[in-house]
Amino acid sequence: MNKRDEVKLQRLIDRAAETSSAHFKAITELDDFCLAHFGATPSELDADSIIDAVLGGGGVASGMKAEEFIAIMKNDGREP
């Protein structure tokens, strides 16, 4: 491996570690919020649509409207 590739590799490692840490922090905060407001986390309810859209369970997270998130959480993790 040449020096240029090693520098690129280090940037990729650093970026992956940084985004992984940010993801962990965000999910922890979301779980804490859900526990306080719904009594459970999306994972505890096996809320597949939230896990896929918000937590990236399928790889890339597409996002979700708060209203939809609330409705699913209030319906024990199932689509209303």
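A residue counts as buried under 20% relative accessible area, as exposed over 50%, and as partly exposed in between. That scale is applied below to a predicted model.

The chain holds three helices and zero strands. Read from the N terminus, the order of elements is α-α-α. The radius of gyration is 17 Å, whereas the globule rule gives 12 Å for 80 residues; the chain is therefore more spread out than a compact globule. Along the principal axes, the C-alpha atoms fill a box of roughly 55 × 20 × 20 Å.

Of the 80 residues in the chain, 19% are buried. The accessible surface amounts to about 5,900 Å². Carbon and sulfur atoms account for 55% of that surface. Contacts were also sorted by sequence separation. Among those between residues at least 6 apart, 39% join residues at least 24 apart.

The chain carries 9 positive and 15 negative charges.

One aromatic pair was found. Its members are Phe 38 and Phe 69, with ring centres 6.5 Å apart and planes at 50°. The pair is classed as tilted. Phe 38 belongs to helix 1 (residues 3-38) and Phe 69 to helix 3 (residues 66-74), so the pair ties together parts that are 31 residues apart in sequence. The two rings were also assigned by accessibility. Phe 38 has a relative accessibility of 24% and therefore counts as partly exposed. Phe 69 has a relative accessible area of 10%, so Phe 69 is buried.

Technical notes:
Residues are numbered from 1 along each chain as its sequence is written. This is a predicted model: local features need pLDDT of at least 70, side-chain atom pairs count only at pLDDT 80 or more; totals for chains, interfaces and linings use all residues. Side-chain values use heavy atoms; hydrogens and water are left out. Helices (H or I, at least four residues) and strands (E, at least two) are DSSP runs, numbered from the N terminus. The radius of gyration is taken over C-alpha atoms; the globule rule is 2.2 Å times the number of residues to the power 0.38. Buried means under 20% relative accessible area, exposed over 50%, partly exposed in between (1.4 Å probe, protein chains only). Contact means heavy atoms within 4.5 Å. Accessible areas come from the Shrake-Rupley method with a 1.4 Å probe; for residues, only the protein chains shown count as cover. Lys and Arg count as positive and Asp and Glu as negative; His and the chain ends are not counted. The place of a charge is taken as NZ of Lys, CZ of Arg, CG of Asp or CD of Glu. Rings of Phe, Tyr and Trp (its six-membered ring) pair if their centres lie within 6.5 Å; planes under 30 degrees apart count as stacked, over 60 as edge-to-face and the rest as tilted.
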